[in-house]
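Hello,

Here is the structure I promised to pass on. Please have it open while you read; my notes follow below.

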Amino acid sequence: MSIALISLIVAICSALATLANWFYTFSKNRKNYRVQVLEIGNDLGIYVLTVSFENLSRLPLSITRFSLILNEEIFDCDFLPAVITETSKWSGGKVIDKTKHYSLPFPVNLGSYSAQSGHVRFQIPLGYKQLISNTLPVRVCTNRGKIDEIELSLPEVLPLSELF
């Protein structure tokens, strides 16, 4: 074998290795996340979803907006933390413990390969009954790219008092 043929084989192998490395890096750095609804509760037009956000990529990700799509209308969640429920423990006529459950503040910042879960609160007019189905269309906005519209599978809708 001549030196020219050996050089050509080494150059082709190097090009293939570079291309494989580029595809691997692209697949690890692309926007890749998962959203799951763990529980859902309802009380007079206030829907509370217990949601899990998972970042499956190497780069950090921020969920900047999370919205429900019902009958072609978009309903945003509460961006600031809101009190969802408040429970008190009594002993001898006195309050000995008080617990408040808050909704997630937005944006939800996720580091690489991390997850966060919490309650997301929506105020929806009473006329909407589409939420009681098996899937829920949502719109997710992130700091890395286009707006994603996805279908989430829903568990059974519970009264809000049974979530906690």
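Start with Glu86 and Lys98, whose side chains form a salt bridge with an N to O distance of 3.4 Å. Glu86 sits in strand β5 (residues 83–91) and Lys98 in strand β6 (residues 94–102), so the bridge ties together parts 12 residues apart in sequence. Glu86 is partly exposed, at 42% relative accessibility. Bear in mind that this is a predicted model.

The structure holds 6 salt bridges. Two others are worth a look.

Arg65 and Asp76 meet at 2.8 Å, N to O. Arg65 belongs to strand β3 (residues 61–70) and Asp76 to strand β4 (residues 73–76), so this pair joins parts 11 residues apart in sequence. Arg65 is partly exposed at 30% relative accessibility. Asp76 is partly exposed too, at 29%.

Glu54 pairs with Arg34, with 3.7 Å between the closest N and O atoms. The link runs between strand β2 (residues 46–55), which holds Glu54, and strand β1 (residues 33–43), which holds Arg34; the two residues are 20 apart. Glu54 counts as buried, at 18% relative accessibility. Arg34 is partly exposed, with 38%.

Next, Gln116 in strand β8 (residues 115–123). Its C-alpha lies 5.8 Å from that of Ser52, 64 residues away along the chain. Beyond its sequence neighbours up to four places away, Gln116 touches Val51, Ser52, Phe53, Leu104, Val108, Asn109 and Leu110. Gln116 is partly exposed, at 32% relative accessible area.

Last, the surface. Leu5, Leu8, Ile9, Ile12 and Leu16 make up a nonpolar patch there, with about 440 Å² of accessible area together. Leu5 lies in helix α1 (residues 3–29) and is partly exposed at 37%.

Best wishes

Conventions
Residues numbered from 1 in each chain as written. Predicted model: local features only at pLDDT ≥ 70, side-chain atom pairs only at ≥ 80, totals over all residues. Heavy atoms only, no water. Patch = residues over 30% accessible without salt bridge, like charges linked within 9 Å, V, L, I, M, F, W, Y side chains within 5 Å. Areas by Shrake-Rupley, 256 points an atom, 1.4 Å probe, with all protein chains shown as cover. Salt bridge = Lys/Arg side-chain N within 4 Å of Asp/Glu carboxyl O. Helix = DSSP H or I, 4+ residues; strand = E, 2+ residues; numbered from the N terminus. Buried < 20%, exposed > 50% of the residue type's maximum accessible area, 1.4 Å probe, protein only. Contact = heavy atoms within 4.5 Å.
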